[in-house]
Structures are given as C-alpha cells and as structure tokens.
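Here is a quick tour of a protein model for someone meeting it for the first time. Have a look at the sequence and the fold, then read on.

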Amino acid sequence: APEWGAVLAPDGSTVALGPLLAGIEVGLKRARGWPGPATGPPLDPLYAVTISEALGTSFLLAHGGHGHRATLGPAGCWDDVENPQNYTLLGPPSPVSDAVANGAMDGVLLGAQVAQEPIPLADLLRGYYGTGNGTEKGRPPSSYRRQDFGVLTGQGKLEEEVVAMLKVLRELPPTQELLEDVGPEELVAIASQAARDFMEVYVECPAIVPRCMWGARPYRGTPKPLTLPLGSVFIHHTFVPSVPCRTFAACTHAMRAMQRFHQDTRGWDDIGYSFVVGSDGYLYQGRGWHWVGAHTKGYNSRGYGVGYVGNFSATLPDPDAIALVRDRFLPCAVRTGRLHHNYTLRGHRQMGHTDCPGNSLFQEIETWHGFE
C-alpha cells in the first residue's frame, strides 16, 4: 500500500497528513485573498485537494471493469498505541482508506476554519485534536468530525465536487484513459454513487474502534457466526467500570479490563458485548457485527448487545453518547443490512434477573424507536 503519512491522533483516530495539510494550505491561501484556480470546471479547491480526487478515482477504478476493488476503507491498526510506529491496514487498500477519509474531513473542516480566521498551525492542531490521550477536559473537536463534516458538506455538495474533479481528470494524462468511454450521464452516476457511499460510511454511520486498537486479547476457541440481519438489540450498562470513559486512553483501558474479567473470572471466550459505547464519541468493537456474544443469556444469537461504559442507575449517559446509539448506530445497522428495519429494542432487565442497564438509562431507552 502507498505511504500516506498516517498519524495516531490523541482522540484515537488515525489521520493521513496529506489531505489534512493540503486543506489547511488552501484555507490559509483563501485568508490571504487567493481567488482559486482560473481554469477548468468550477470546482472548490478545498475539496479538490482533500477528498474529491481520491473519491472520484476510487469509484472510477471500480467502475472500469475492476468491480472487485474496494472503493472505501479499510480501517487499520497500530503496532502499539502508546508508541505508534507502524500502521497496518485490515484489508485490501482503496484510494480512500479510513485514515485518508479522516484526514480529508479534517482538512475540509480546518481549511474552512482558517479561511475565516487565520490561526498559528500549532494552536490550530492542538485545539482541534486535544493535547494528549490522558486528558479529561472533554471531547476534542476532532471526535465530532463526522457530524461537523456532514453539516458543512451535504451529499449534494460532495457530488458536485466529484463531478467537477472527474471533468478535470478527463484532461489529465494519467487518468484520461480511465474516462475515455465514460459519457456525461455515466460520470454523474459515478459521482453520485461515490458521494452517497462516502456519506453513508463516514458521516451517517458512527466510527467503531477495531479490537486491535484497544488492545484486545485473542478470542478463545472458535467464534460462532450470527445469521444476519438480526431482529433485536439489547441495551446494557457495564456497572463496572462505573465511571463513563471520556478519552481514548480511558476507554481502551476499560475495554481491556472488561475483557480480562469476562475471560478470566467469568470463563467466557471473549468480552461479552457486541459493541461498547464510550463517552469519548466512539463505539468500541467487542464481538462485533458477525459473532455471537455473551451479553443476554438465552438471546445472544438473536440480537446485538450494546453496553454503555458506566453505572447508569441514577444518572444518564452524556447526551452525545445517547445520540451515538439512538440516532447513528441503530439506523446505520438497519441501512447496512445487519439489523431488521422492524427490530425490537429492549433493556437487559427485560430478558433476565438484573437491574441492568440501570433505572435512568432504562427510562431513557423506553422512548427510543423499536423499544418493546
């Protein structure tokens, strides 16, 4: 795979520096009165240098007789999140890996910011990403990148920029051949698909931290596959840890502690939950989308178990953490075919003798779509 200059940001996300710095450069030029390129179709340079070229190229390659190629993703993992040196992708590379997508979204957001109000680069980056994995000063702006990018860039805007970029690529020698037999309507269709897929994967669906990023031990034994789509979701709270985790470092520590408890004390094959909800803006992969968990006795093969880190008997999770599951995770699971559109949602206490997910959280989920 090509070298992307990927770095591990303090919020736990991996960011490609190329599109990030290119977006900031365009923003700084705009702040100095740069009018933009004088030739070619009316494209926005901020999107051209961050996302539209890679996105257009990716879908163009897939369209041109290479349908087996990945168009977006994959994610990847660092060898050591405390001292990251090497980043390895988890599958075949596309021109828009998760790191490139994060860098592109950040480049657009920060480029737009400095175009309005120039700020020293060090201050800009520290303010956006936070200063370290161990701080408890609240979520850094970078953990909101998906929703902020979605607000700034609707699907229509992204589609327009990919169309404009494909018209530019038609004139450039390296990509002329790819576009020789692509007519105007086909070009718009490629751009539409690219914009729609990007927004679905990177804006409408939440970021999920893979197992290798939180330091998961191997699964013990052979995991049992789920038969998708599932019909149920079961909401839990972890109770222990009892305090919500609000940083990448705190959440990864909580994940490792829960896995040790579930494997060593309970004697389970792995951490029991399908997914775990941090208060740092991210979901953490437990058993994940495809493997039977150990979260709701008697019902593990029928639904996903989603656990909130913390004790929510008397207090609620942060509003952002509630919305992460209610408004983003559940609709994403339906759209991607992992959950039936008419799924049922229940609290753990409805399925067995337990107070989980706590009185406060249970009263909250009674108001959610699908609760039964």
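Proline 229 sits in the loop between helix H9 (211-214) and strand S6 (230-237); helices (H or I, at least four residues) and strands (E, at least two) are DSSP runs, numbered from the N terminus. This is a predicted model, in which local features need pLDDT of at least 70, side-chain atom pairs count only at pLDDT 80 or more, and totals for chains, interfaces and linings use all residues. Residues are numbered from 1 along each chain as its sequence is written, and side-chain values use heavy atoms, with hydrogens and water left out.

Another cis bond links glycine 73 to proline 74, and proline 74 belongs to the loop between helix H2 (45-63) and strand S3. Here are the two bonds side by side.

| Cis peptide bond | Omega |
|---|---|
| glycine 73 to proline 74 | about 5° |

Most residues other than glycine have a negative phi, and most peptide bonds are trans. Phenylalanine 239 has a positive phi, near 65°, and is not a glycine. You'll find phenylalanine 239 in the loop between S6 and helix H10 (248-265).

## The overall build

Stepping back, the protein has 12 helices and 10 strands. Its radius of gyration (taken over C-alpha atoms) is 22 Å, close to the 21 Å that the globule rule gives for 372 residues, so the protein is as compact as a globular protein of that length. That rule is 2.2 Å times the number of residues to the power 0.38. Along the principal axes, the C-alpha atoms fill a box of roughly 70 × 45 × 40 Å.

The chain splits into domain 1 (6-204) and domain 2 (211-366), with bounds from an automatic or database domain assignment. Their C-alpha centres are 30 Å apart. How many residues of domain 1 are in contact with domain 2? There are 23, and they meet 14 residues of domain 2, where contact means heavy atoms within 4.5 Å.

Two salt bridges (a side-chain nitrogen of Lys or Arg within 4 Å of a carboxyl oxygen of Asp or Glu) are counted between the domains. Arginine 335 pairs with glutamate 204 in a salt bridge, with the closest N and O atoms 3.5 Å apart.

## One more link

In total, the structure holds 15 salt bridges. One of them joins the side chains of arginine 145 and aspartate 11, at 3.8 Å from N to O. Arginine 145 lies in helix H5 and aspartate 11 in the loop between strand S1 (6-8) and strand S2 (14-16), so this pair ties together parts that are 134 residues apart in sequence.
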